[in-house]
Amino acid sequence: MLSPLFWIPVLGAALVGFWPGGTPARSRSIAIAVASITLLWTFWLLSQFDISNPGMQFTEFIPWIEPLKLNYRLGVDGLSLPLLFINSLLTWLVIYSGSTQLTRPQFYYALILLVNAGVAGAFLSQNLLLFFLFYEIELIPFYLLIAVWGGKKREYAAMKFLLFTAISGFLILGAFLGMAWLSETPTFAYESLTTQKLPLNTQLILLTAIVVGFSIKIPLVPLHTWLPDAYTEASPGVAILLGGVLAKLGTYGLVRFGLALFPDAWATAAPGLAILGAVSAVYGALSAIAQKDIKRMVAYSSIGHMGYILLACAAATPLSLVGAVSQMVAHSLILAILFHLVGVIETKVGTRDLDLLNGLMSPMRGLPLTSGLLVLGGMASAGIPGLVGFIAEYLVLQGSFSAFPIPTLICVICSGLTAVYFVILINRTCFGKLDNNTAYYPKVQWQERTPALILAALILCLGIQPTWLLRWSEPTINAIVASFPAHSYQIASLSQDSETK
Amino acid sequence: MSHVLLQTVWLIPCYALTGVILSIPWSPGIIRYTGPRPAGYINLLMTLTAFIHGLLALRATWDLPAQQLVIPWVNVAGLELSIPLEISSITVGVTVLVTFLNLLAQIYAIGYMEMDWGWARFYSLLALFEAGMCSLALCNSLFFSYMILEVLTLGTYLLVGLWFSQPLVVTGARDAFLTKRVGDLLLLMGVLALLPIAGTWNFSELAEWAKTAHISPTTAALLGLALIAGPMGKCAQFPLHLWLDEAMEGPVPSTILRNSVVVATGAWVLVKLQPVLALSPLVTSVTVLVGAVTAIGASLIAIAQIDIKRSLSYTVSAYMGLVFIAVGTQQAEVALMLLLTYALAMALLVMSTGAIVWNGITQDLTQLGGLWSRRPVSALSYIVGAFGLLAVPPFGCFWALLQLADRLWTNESWLFWVVLIVNGLTAFSVTREFGSIFAGKSKAMSQRAPEVHWPMALPMIILMGLTLHVPLLLWQWQLLPDWTTLNITAAVFLVSSSVIGCGVGSLIYLNNNWPKPVKLGYQPLQDLFAYDFYTPQLYRVTIVFVVGLVSNIISAIDRYLVDGIVNFVGLATMFSGQSLKYNVSGQTQFYALTILFGVILLVITMTWPLLIRLSLVLSP
């Protein structure tokens, strides 16, 4: 059931890569076919998924390298399923929006499919070593995708990305090995791993390695410097995958391997993590305000939104964690539409500079539909109700408020700052007077519109009916929280008030 | 039948939303074939449907107790978010008022937007506002009210930014959005904090809870201050008032709606929250203080404006300030009555002046004049609107202001004087505007200014009729005070303040011999009012400056410090590798030396414990 999510893209990558005489159009069609099969498979999985079951479903087990305890063990639960869906969907959209003037198309599509396979594998694997394997495997295709099809500073950006994420990998591998070797029965199997019996200090050290490792991937301040370069230099499609899919591996790992495996240590570290989340949110939002490049602005906005997820994970209430999962999905959708539209604007207008862009909302000469959707995307990111970003942010904030009131309020302020930079972006890019002498932009093709329209529809639908987004993860989250021992620290001053009434 | 109408009252906002969806096809592509107008007509039809439905539902709900209707929305992790609707004659009545005013605004827009291509956008945004306000009226939950206010903030941004190619429009839209958003987010903080304390967002339950709640004064104060921040932004109260003035760059039909009912959304939420606010004396005092300062300050600013629309916009802030005073002094019913009477009068005033904006050459008050004979309908509308707005018996606002003044008379007499002053200043202000536009001799700029055509004149006439009938309606609804309990003194004071305001205004502005432009004795004071207490500059040197500075500093730190360290580590690695390569020289002696050094180092480290003991032995 689950293996195809990994194997179809791998085989598809081989098919695209070795198909004789690959023109951009043909390679794209093959890749779309492969991605469509994966996407349909994901839909089928969604339909078969038993929402009320909090545990792993559709588990698969094949013994692989016994001495290393590395086994092929897959499973999916409410935490990974929404992310798997996002992975399949965004891959499909990225391939669909692939340009017809692409250089080395076979290589490109093959790499994208490999990324898809790697991420899917990581979300599915229930063996720590297997997870690590997938986690590291994607680095290579991503490195190549940035380094070959990127912008001017692509080699620098790609190298930076590679080094940072490699360090992240080492830390995580170290933590995993420590977890396995220090526990009584050495194992890498997720469900039989017991770390609760370790001394708290050991747990804290292991947790620190995991948090730092995944924080690089997410990324959180101050480990984020690879992100603006990588997101900006990568082509829009690759940036979508980087921000929409790869970064989610970090947040997923944080919940799966940090929160769920080290409840005690997590509870100890939570106040610090909450502050870190708030700092990331402030830092990302303020940096975004100062940017002149719209793609860089969107990249920094991503750092800010990741701060909310960390805050929610730190609070670890059922509400905040459901919020965190939905924020992961919401952020992926919103980031994808923003990067896609920014990419469209860049290809049509030829610049990403805020000082040069102007008046794109103009109905005849400008890009009205693109601008309209950009407004939608920006406002969704700023957390306007009725769009998917709001409900996710709101659950995060409401869930975290009783545990950490001050960091939560700081995040509310950041939501205002998000509005500030998106208003700057929209005012400069879409509003204003278009210069009729220079405005001879190529027409936006349906191939470029469709992905944005699909994303916009999802953002709207999930915003108006959030249950479709929230219901997947709730039982799993409840199970995670139920095993969470320490709730003593979650009594805030405000809730004390209500108890005394 | 009536039961069905009441149970389907939630459809009223949905009609408008349907209009929004149906006008999507009139995005630029299809306009080439049909022109932009069908989108407008569709929305007009939808609003008419909503109006009729509301009217029938109002009949059905008359004399019935309030009913609750719950629409499930989200239920997640122990948090149940269902949309509670309150169906009472007040809430349904508000939807009727909103749909009615929107209907008139849309008819007005047929004329006003005659030459515009952006009909689909404009009408669907008006419909969004209609839907938002109707659902706000029906909705009985703070959380959903917050959501609606937030969506309307976005709506304001887009509606003010309708003519986005003009620079002033762009900055106006930006400021409207960000100012309101500041208020909204503070409100969100209140919303977040309220749930753990009160356990509900339902306004009726909150009122029940507030009766018995014991929370610490600090919490109550912080909570209340957060909760009034949202309405302060919406109602354009000091210091969040600037946006309303700048929003005047938007099209007039949207101004009709904005000045009359959109600003009142904040007041509506404030009225609903009044029991919670009353928990903290500090909050009520702040509410009253904000209202009083805004009311007086904004009426003074209004007098110093020379733009036909801006002058009115400050009057809006002033009246909303009066509503704040009413809520702060626990007079929710008076606040609602004032909102009703005010909304109709203000809509009429905006329609009348909007006509001049539309086909006059200028909207500068100092260059207009003598339009009385050319624009009789507009002039009459203006007079009726002004009478409706001021404390002039027997028109609408008189009764509302009288009730307000009556309560203040006994409890807080300084506020009574505030109301009087505001009324007097507003009377002067509207008389001044009337005199500048309609009276006197016609000037160069007002030579060619014919009366507007029927789509704009019709709504004016209808609204004029309604405004004149407001006292009858109030009488019908038994909202007028009994003759026996009427506070004659307060009424006399109120009326004399109107008379003095209008009198002085007429003396100066209906008088051709009085030299114009009129100067206040002291120029800096006049500038202070004319430039809106220098609020834009104040924003610029405070919040805008701070955010800009901090973001630039953070960005610089990010680029040079955080990223700098990373790049330095990279460079250092490269450099050390580059320098070490010179060690690989190929000479045997050099390698032998290295080996020797290595061996010595190794031997020392391995025998270190031994060596230490040796040294202890050697040097006792």
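Analyst: Let's start with chain A, where the centres of domain 1 and domain 2, taken over C-alpha atoms, are 22 Å apart. Domain 1 of chain A covers 1-165 + 225-257, and domain 2 of chain A covers 292-486. Keep in mind that this is a predicted model.

User: How do you know which residues of domain 1 of chain A are in contact with domain 2 of chain A?

Analyst: The test is whether two C-beta atoms, placed from the backbone, lie within 7 Å. By that test, 30 residues of domain 1 of chain A touch 35 residues of domain 2 of chain A. On the domain 1 side, α3 (80-96), α9 (226-233) and α10 (236-259) of chain A each bring at least two residues. The top contributor there is α10(A), with eleven residues. Sorted by class, that side has 20 nonpolar, eight polar and two charged residues.

User: What makes chain A agree with a compact globule?

Analyst: Its radius of gyration. For 501 residues, a compact globule would come out near 23 Å, and chain A has 22 Å, so the two agree. The C-alpha trace of chain A spans about 70 × 65 × 40 Å along its principal axes. Also, 62% of the 501 residues of chain A count as buried.

User: Why are β1 and β2 of chain A called paired, and which way do they run?

Analyst: Pairing takes at least two bridges found by DSSP, and these strands have five, so they qualify. β1 (residues 57-65) and β2 (residues 70-76) of chain A run antiparallel, with Gln57(A) opposite Val76(A). The two strands form a hairpin with four residues between them, and in the turn Lys69(A) has a positive phi of about 60 degrees.

User: What makes the peptide bond from Val221(A) to Pro222(A) cis?

Analyst: Look at omega, which is near 5 degrees for that bond. Pro222(A) is in the loop between α8 (200-217) and α9 of chain A. Chain B has a cis peptide bond too, joining Pro393(B) and Pro394(B), with omega about 5 degrees. Pro394(B) lies in the loop between α16 (376-389) and α17 (396-411) of chain B.

User: What makes up the side of chain B that touches chain A?

Analyst: The contact takes 44 residues from chain B and 46 residues from chain A. Elements giving two or more residues on the chain B side are β1 (67-76), α7 (142-160), α8 (167-198) and α22 (535-580) of chain B. The largest share, 14 residues, is from α8(B). By class, the chain B side has 29 nonpolar, ten polar and five charged residues.

User: How confident is the predictor in the complex?

Analyst: The complex gets an ipTM of 0.91 and a pTM of 0.91. For chain B, the mean pLDDT is 88, with 99% of its residues at 70 or more.

Key: Residues numbered from 1 in each chain as written. Chains lettered and ligands numbered in written order. Predicted model: local features only at pLDDT ≥ 70, side-chain atom pairs only at ≥ 80, totals over all residues. Nonpolar A, V, L, I, M, F, W, Y, C, P; charged D, E, K, R; others polar. pLDDT = per-residue confidence, 0-100. Rg over C-alpha atoms; globule rule 2.2 N^0.38 Å. Buried ≥ 20, exposed ≤ 12 C-beta atoms within 10 Å, placed from the backbone. Domains from an automatic or database assignment.
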